[in-house]
Amino acid sequence: MGMRLSTVILPVRRWSQGGREVWQRAEALGFHAAYTYDHLSWRSFRDQTWFGALPTLTAAAAATSRLRLGTLVTSPNFRHPVTLAKELISLDDISDGRITLGIGAGGNGFDATALGQEPWEPRERADRFAEFVGLLDRMLSQDVVSYRGEHYSAHEVRNIPGCVQRPRLPFAVAATGPRGLKLAARYGQAWVTTGDPKVANAGGTPDESREAIRGQVERLGKACADQGRDAAELQKIMLTGFTPDRPLDSVDAFVDFAGRHAELGIDELVLHWPIADSLFEADPAVFERIVTEAPAQLGAAR
C-alpha cells in the first residue's frame, strides 16, 4: 500500500461561514481522512473561535459521503469512557462506519485543568490512559459492561447496537513511551506520532528528527512483538507540523519529506489545513497542489 494523505481541520470556523465547505473540499481533493483536534481550547487559539470535536465530526459526517473522519487525538483530560463510547457509537452510525478514534494520554495544557482538577503527574496520567483505553475497548465492543477500576467505573452500561465497524471502530493510539507503545500494540489498529518534541524544541535538524522517529518505530515493533502482534498490522500515522521540516513549502519539498518518512515505515501523513496568521499558516494554492500532484509521485493510496 502506498502513502496515504490525510488532513486535520481545526474546529475554528463557524459551520455556516466556511466550516461545512472545508470538510467537503477535503473530500473533493481526495484525502484519505480528515481529523480534528479534540480539545476544549488549544495554545494560541485559546481566545479565538473553537468548537467541539464530536459535534463537528457529526456535521462533517452528514456533509460528506466517502471521507474517513476522526479525532487526533481524544484524551482522558475531560472525557469519560462511558459517555464517550455512547457518542462514538452514535457517530459511527451517522457516518456509516467512517470513524477512527485517535487517542492519546493528553498533556498539561488548558484541558488538564478545565474541570477544576490539578494536572495529573506523569505516572497518574499513564495509569489513567491505560485504564481509559482498556475500558473504552470494552465499551465499544460489548453490549453490556460493568467495571470498577481505580479511576473509571461502569455499572451495567448498555452499548446497543454497538459500532457499525466490527468488532469496534479503529483506535489510532498516539504514543512514544513504553507504556503508551504497549497500549498501541495491544489495542491499536494504528499508531500516531508527531515526531520527537525534544528535537524540535532544541532546534534539531530534519535528519535528527527522522532518526528519532526511526527509533520510535523500532520500539513500536518491539512492543508489538511482546504482544505477539506483527507491527505491520498497525497503520503508522504521522501528524506533521511539529518537526524541523517544511514540507508545505512546495510540491518537491513535500515529495522529498514524504519519501524519506515512508522509508521509516510511516504510511499515512496528516497535513494541517492552512490557517492564516497561525502556526499552521501555509499557501492554500501550494497546499492544494501538493494534495493533487504529489500522490502520483508517491504511489499514494486513497
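Tutor: The answers below cover a helix contact, the pockets and some backbone features.

Student: What sort of model is this, and how are residues numbered?

Tutor: This is a predicted model, in which local features need pLDDT of at least 70, side-chain atom pairs count only at pLDDT 80 or more, and totals for chains, interfaces and linings use all residues. Residues are numbered from 1 along each chain as its sequence is written, and side-chain values use heavy atoms, with hydrogens and water left out.

Student: At what angle do the axes of α1 and α2 cross?

Tutor: They cross at roughly 60°, and the axes of α1 (residues 19-29) and α2 (residues 53-63) come within 9 Å. Axes are lines fitted to C-alpha atoms, for helices over the stretch in contact, with angles from 0 to 180 degrees between N-to-C directions. Helices (H or I, at least four residues) and strands (E, at least two) are DSSP runs numbered from the N terminus.

Student: Which residues make the contact?

Tutor: Arg 20, Trp 23 and Gln 24 of α1 meet Thr 56, Leu 57, Ala 60 and Ala 63 of α2, where contact means heavy atoms within 4.5 Å.

Student: Changing topic, what is the volume of the largest pocket?

Tutor: The largest pocket holds about 1400 Å³ of space. On a 1 Å grid over the protein atoms alone, a pocket is an open set of points where a 1.4 Å probe fits, with protein on both sides within 12 Å along at least five of seven lines; lining residues have an atom within 4 Å of a point. Grid points are joined across faces, edges and corners, and a volume is the space filled by probe spheres set on the points.

Student: Which residues lie nearest its centre?

Tutor: Of the 44 lining residues, Arg 43, Val 73, Gly 106, Gly 107 and Thr 194 lie nearest the centre of the largest pocket. The largest share of that lining, 5 residues, comes from α4, which spans 122-141.

Student: Where is Arg 43 in the chain?

Tutor: Arg 43 is found in the loop between β2 (33-36) and α2. Arg 43 has a positive phi of about 45° although it is not a glycine.
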